[in-house]
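Reader: I am new to reading structures. Can we go through this one step by step?

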Amino acid sequence: MRALIIDDERLARKELAKLLEEHPSIEIVGEAMNADEAEQMINELNPDLLFLDIQMPGRTGFQLLESLDSVPLVVFTTAYDEFALKAFEVNALDYLLKPIQAERLSEAIHKIMEKERAKAGRGAGKKLGLEDQVFVKDGERCWFVSLANIRFFESDGNYIKVYFDTNRPMIHKSLNALDDRLDERAFFRASRKHIINLSWVESIEPWFNGGLMVKLRGGDKVEVSRRQAAKFKDMMSL
Amino acid sequence: MLYAAVQIVAALASVNGAISTQRIIFLFYEAFFCFLLTHGFRSYMNDNRWLAMIMPRLIPRVIASVLLLGVVMYFLRIPVSIPLGLYNWNVALDPSNILGQSVYYAILFFLWSVFYFMYNYFERYNKSLKLEASVKEIELSNLKSQLNPHFIFNALNSIRALVDENPEKSKQAINQLSNILRNSLTTEKKGLTKFGDELKVVRDYLGLESIRFEERLKTEFDIDPASKNFLVPPLMIQTLVENGVKHGISKLTEGGLIQVKTKVENNKLNIRIRNSGHYHINGHKRRGGLGLVNTSQRLKLLYGNEAHFAISNENDSFVLTEIIIPHLHS
């Protein structure tokens, strides 16, 4: 696995790199000392895994993740960020407390390798498919959401509401920009307001003006506009 | 002023019946003398620290001085009352009159003393409660933020990496960290500490942060040798320096400078801490703001209005924190 270490302190990066020598399965492809540098390196090197410090000068680790379209696997490294870590849903991430203990690191890497095996389908430069994950932060709460769990996206002004489980946090992005990034075999632009996850579609009914009403598993209903309805029928009927 | 009013009322009460203009003039003189005497008495008590005396020593002193004041008061009014024609010399020098009137004044002065001591004891009690409360608050915030876990674990992490790279330096770092830990564990027992000791903690703290931030943190000291013996509240300067690192240096990708400068002028210690960064007046509503309010309150309680504390943006790239502390005699 190709990993990127992101930490503003040289000694902290060095220490982690040294600890990782014991794990030949992890290849360190780069080290970044702030979020800007990291963002550039992520786009160039496309790593599978980030070891990410939360508190950094300039943008924080969270802000870096928010700016990424697709988020690689992330292990947070922090000295003491009780509150920041509490923000996460249980099991949503792994984190290492500095000074990092070798056994704890082994555990984390073990978990990551399992996760990675489970989603072997990822590739560089491709559009975002169901195996990819995104990072969503809404006020105090944060999630790593697998796209497979997102039922649909709804545009709301300059924001997009992301519907998954019982949550609907907002991300600051336009629906058009998101549509360009999503794999069209998995997601469908139903109207100006909605993008739906095709794997969640339960039933389709004819609607007014030649449109369609799509019912998703879980009970949400999303209207497909007349313009998109023909395209949608084509896709769903093989 | 209050005493003068009390004396006028008391004096008015002492004469029943017809009050002539002369009497009123006389009463004003009398009140004025009372005011002068109590004022003198008060400053005498302050100079000799009577408020700090224990009761068995204090009570005889008060009674003796009150009697003396009564007699003095009696003779002070003679040169006023005779020209006004209220008394003649025979009456004025009659021993029974002297005794009676003096005792009467002595009682007035005694009542005044009781009132004065009660007021001051109460005030002092109040003040010590406030001081205690703010010390407790500081202890608590020391436990929560001073002994900043983020700092300690980051320092430990840096030291761990340093063990391979520079064993000598890592040993030194362990000593610095243990000095800081010991200091923050013992400060709660100390009310004030020598500036020299406080400076050592600041140096250790900055030494550790330099390991972590490396070339991003530059430090400068310019210490007046006369400042070493001043007494300062423990960890106050360290806290301010730590704020400078936390809100200044650590937010800057390029890092910056922390400068500690002291100067002794007019028997006052002037401490100036400069750090790179920008002070956001409204951005400190949460914990940082509370820390600053705490600092200024702590100074006020310890030194009254003689201490000075200010934080401001010196220019676009530097924040200046200035403290002026008077010399306390231990």
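Author: The questions below take up a sheet and then a pair of helices in this predicted model.

Reader: Which strands are the edge strands of the open sheet in chain A?

Author: The sheet has five strands, paired in parallel, in the order 2-1-3-4-5. An edge strand pairs on one side only. In chain A that picks out strand 2 (27-32) and strand 5 (94-97).

Reader: What does the twist average from one strand to the next?

Author: Strands of a sheet pair through backbone hydrogen bonds. In this open sheet of chain A the pairing is parallel. From one strand to the next, the twist averages 20°.

Reader: What is the bridge partner of Asp53(A) in strand 4 of chain A?

Author: Look at strand 3 (residues 49-53) and strand 4 (residues 73-78) of chain A. They run parallel, and five bridges join them. In strand 4 of chain A, Asp53(A) has as its bridge partner Thr77(A).

Reader: Are helix 6 and helix 7 of chain B roughly parallel or roughly antiparallel?

Author: Take helix 6 (residues 149-165) and helix 7 (residues 167-186) of chain B. Their axes come within 8 Å and cross at roughly 155°. Angles over 145 degrees count as roughly antiparallel. Helix 6 and helix 7 of chain B are therefore roughly antiparallel.

Reader: How many residues of the contact of helix 6 with helix 7 of chain B are nonpolar?

Author: Helix 6 of chain B brings Ala155(B), Ile159(B), Leu162(B) and Val163(B) to the contact. Among their partners in helix 7 of chain B are Lys169(B), Ser170(B) and Leu177(B). One residue of the contact is charged, one is polar, and the nonpolar ones number eight.

Conventions: Residues are numbered from 1 along each chain as its sequence is written. Chains are lettered from A and ligands numbered from 1 in the order in which they are written. This is a predicted model: local features need pLDDT of at least 70, side-chain atom pairs count only at pLDDT 80 or more; totals for chains, interfaces and linings use all residues. Two strands pair if DSSP finds at least two bridges between them. Helices (H or I, at least four residues) and strands (E, at least two) are DSSP runs, numbered from the N terminus. Axes are lines fitted to C-alpha atoms, for helices over the stretch in contact, and angles run from 0 to 180 degrees between N-to-C directions. Angles under 35 degrees count as roughly parallel, over 145 as roughly antiparallel, 65 to 115 as roughly perpendicular and the rest as oblique. Two residues are in contact if their C-beta atoms, placed from the backbone, lie within 7 Å. Ala, Val, Leu, Ile, Met, Phe, Trp, Tyr, Cys and Pro count as nonpolar, Asp, Glu, Lys and Arg as charged, and the others, Gly among them, as polar.
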